[in-house]
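Here's a quick look at the aromatic side chains in this one. Have the structure open as you read.

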Amino acid sequence: MTYSTFQVPRTIVHGVGCLKYLKNLEGKKAVLVTGGSSMKRFGFLDKAKAYLEEGGFEVLIIDGVEPDPSVKTCLEGGKKMEEFGPDWIIPIGGGSAMDAAKAMWIFYEHPGYSFEKLANFDNPPLRTKARMACIPSTSGTASEITAFSVITDTENEIKYPLVHPDFVPDVAICDPIIASKMPPKITAQTGMDVMTHAVEAFVSTSADDYSSPLAIRAIELVFENLKKAYDNGEDLDAREKMHDASTIAGMAFSNASLGIVHSMAHKIGGIFHLTHGEANAIMLPYIIDYNRKSTDRYDVIEKILGIDDLAEEIRKLNKAVGISANIKDGKNTIIKENEFLEVLDKMSENAFKDACTLTNPRETSAEDIKKIYEASYYGKEIDF
């Protein structure tokens, strides 16, 4: 007899201005982990530091986490934490900052631990030295509430999804004011990442009555609010709804897992640096068409939403927020045909081996994944 678990952070703080919740944390030393300059530029890093200091913390900042965080960055961050000795690790920023902080946490609590073991889900226990509070700046990855982290092996050009139950943070602080500073392009890409999380969680072979209502609500929120947030970043109501959608979708997929949209996005992103959300957005409609042969779960979504064709509605939303209909015509990342074809077999094989493939609703193969890559690259119809 099998059983399932449902795991979410102990505390989720949400709503306009909730960053100040940092004052309520108890401890002596905190590390803020962040990426590029946006959190600094908009003053959120200084605000977070000030709130922590008001709460009695000594604060160290680890910045400069790259968009696809590397193993090297995570090892270096773990070493800095080892020297500082924090009892709270607090990433503030996009998914990259949160993903990196989770891996740093491993290397802080277990110096010298093998990344290869992590990539094979051989996970050591956490919370022997520190706890984690996550502050997302994008409405997208939901790393603030998930057991997932995606780290890039830059030498082999492979993104590895790490999965560890202890990665689920203790606190998620979801302040839409921070997300309101995202430019339209990032709003679109991260928003469609939310849509993909929710759709894949709903049709996953591990979906259940705990995860599915959350997934459906997230899908509704994205359809209702992404275009509004894209058109007007200062629309705090739309920003709040998208931030909520991201976290709710995260609760769903962290428990139900995902499917081959993510498997394929991980691998094409690892090689060509196609933004994760944009890769998801482009490939999602193709994979809905592919998976339909083995599941009626998309029909259920359509019935609840009162629409005729989910894939077509997603194509329309993509177009409305500036995302191209195929990879070849992508506006943000140009992937040359000869370079794409050169790695297609390797990429397809690696995507098939990705952990997310296990819960895809249609049993697949490296050959099928290759055909889907080709269809989504050239904009061809899925007919197999």
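## Ground rules

A residue is called buried when its relative accessible area is under 20%. Keep in mind that the model is predicted.

For rings, a pair needs centres within 6.5 Å. By that rule, the count comes to six aromatic pairs.

## Phe148 and Phe253

One of these pairs joins Phe148 and Phe253, with 5.5 Å from centre to centre and 50° between the planes, which makes it tilted. Phe148 belongs to strand β6 (residues 148–153) and Phe253 to helix α9 (residues 236–256), so the contact ties together parts that are 105 residues apart in sequence.

How about solvent? Phe253 has a relative accessible area of 3%, so it's buried. Phe148 comes in at 12% relative accessibility, so it counts as buried too.

## Tyr290 and Phe384

Next up is Tyr290 with Phe384: the ring centres are 5.6 Å apart and the planes sit at 55°, so this pair is tilted. Tyr290 is in helix α11 (residues 276–291), while Phe384 is in the segment after α15 (366–378), so parts that lie 94 residues apart in sequence get tied together here. Both Tyr290 and Phe384 are buried.

## Elsewhere

Phe340, Tyr377 and Tyr378 come together as one aromatic cluster. There's also a lysine to look at: the charged end of Lys267 sits over the ring of Tyr160, 6.0 Å from the ring centre.

Technical notes: Residues are numbered from 1 along each chain as its sequence is written. This is a predicted model: local features need pLDDT of at least 70, side-chain atom pairs count only at pLDDT 80 or more; totals for chains, interfaces and linings use all residues. Side-chain values use heavy atoms; hydrogens and water are left out. Rings of Phe, Tyr and Trp (its six-membered ring) pair if their centres lie within 6.5 Å; planes under 30 degrees apart count as stacked, over 60 as edge-to-face and the rest as tilted. Helices (H or I, at least four residues) and strands (E, at least two) are DSSP runs, numbered from the N terminus. Buried means under 20% relative accessible area, exposed over 50%, partly exposed in between (1.4 Å probe, protein chains only). A charge sits over a ring if NZ of Lys or CZ of Arg is within 6 Å of the ring centre and within 35 degrees of the ring normal.
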